[in-house]
Amino acid sequence: MFVGTALLLATLYTISTGAVPVDESQDIEVDGLSAKNVLNKKVQISMEDIKFMISSEVERTTSLNNLVTDQAVKISQLIVSLSEAKVEIEQLKSAISQQAGNTAEKLEEIDQDMGSMEGGMEEIRSALAENEEIDSGMEENINSLEDKMDEVTSRLTTVEGVTSRRWPAGSYCIMANGNCPDGFTRAHGYMKAVSLYSGSSGYITPATFGDSKIKCHGGCGQYGHWTGEIYITTCCK
């Protein structure tokens, strides 16, 4: 249709410019349009209008060609994609077939493992039966240990009760050995160069009682009968 319209426009353009004489006895008809009829109706078409119409037809033809080219490119791409998809499908089929073979092998291995597990279960049942006998003996030992623990706990409670008793009321002193208990005051005194009959062991024996002590004055017998020393440290309330 586009070619016929262009042909008609070109004919009209040639006639309108006087390049070809018009023979009214001859008629040109394209797509139902007659050049004679057009001239008889005295349709005046300017050169600019004809150029515009031809240009429009050329643009439409060019657009159509471009569209056809684009579609051809897309069809080529689609063919390539289909070819690639076919290759991937074949690869997938091969992988599925291989996987099926592997699955069958794994199932056979599982069956073998199940048989081994059944044998192992029998061994476990036998071991559990033996453990039940051992557990029975252990339970008796545990009960015995619990009884002993109760006895020890009772004794500890008694000891804690004794150690937590308060000192008796009243005023008295006790021999000091380190810090005094709460409520007591520390007191210290001594005697040096105490006169004794003799400095021998029959008359003086050095000894220590906590923070208190008896000892010789210097070396035993060093100062004649002035040979004794006494140190007393107490806690009093």
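Predicted model: local features only at pLDDT ≥ 70, side-chain atom pairs only at ≥ 80, totals over all residues.
Local features need pLDDT of at least 70 and side-chain atom pairs count only at pLDDT 80 or more, while totals for chains, interfaces and linings use all residues. Residues are numbered from 1 along each chain as its sequence is written, and side-chain values use heavy atoms, with hydrogens and water left out.

The whole structure holds 3 disulfides, a disulfide being a pair of cysteine sulfur atoms within 2.5 Å. With the bonded cysteines of the protein chain numbered in sequence order, the pairing reads 1-6, 2-5, 3-4.

Cys173 is bonded to Cys236, with an S to S distance of 1.9 Å. Cys173 lies in strand β3 (residues 173-175) and Cys236 in strand β7 (residues 226-236), so this pair ties together parts 63 residues apart in sequence. Strands (E, at least two residues) and helices (H or I, at least four) are DSSP runs, numbered from the N terminus. The torsion about the S-S bond is about 115 degrees, so the link is right-handed. Cys236 is buried at 18% relative accessible area, and Cys173 is partly exposed at 48% (buried is under 20%, exposed over 50%, partly exposed in between; 1.4 Å probe, protein chains only).

The sulfur atoms of Cys180 and Cys235 are 2.0 Å apart, and their link is left-handed at -80 degrees. In the disulfide of Cys216 and Cys220 the sulfur atoms are 1.7 Å apart; Cys216 is buried at 5%, whereas Cys220 is partly exposed at 46%.

Elsewhere, Asp111 is found in helix α3 (residues 47-163) and is exposed at 54% relative accessibility.
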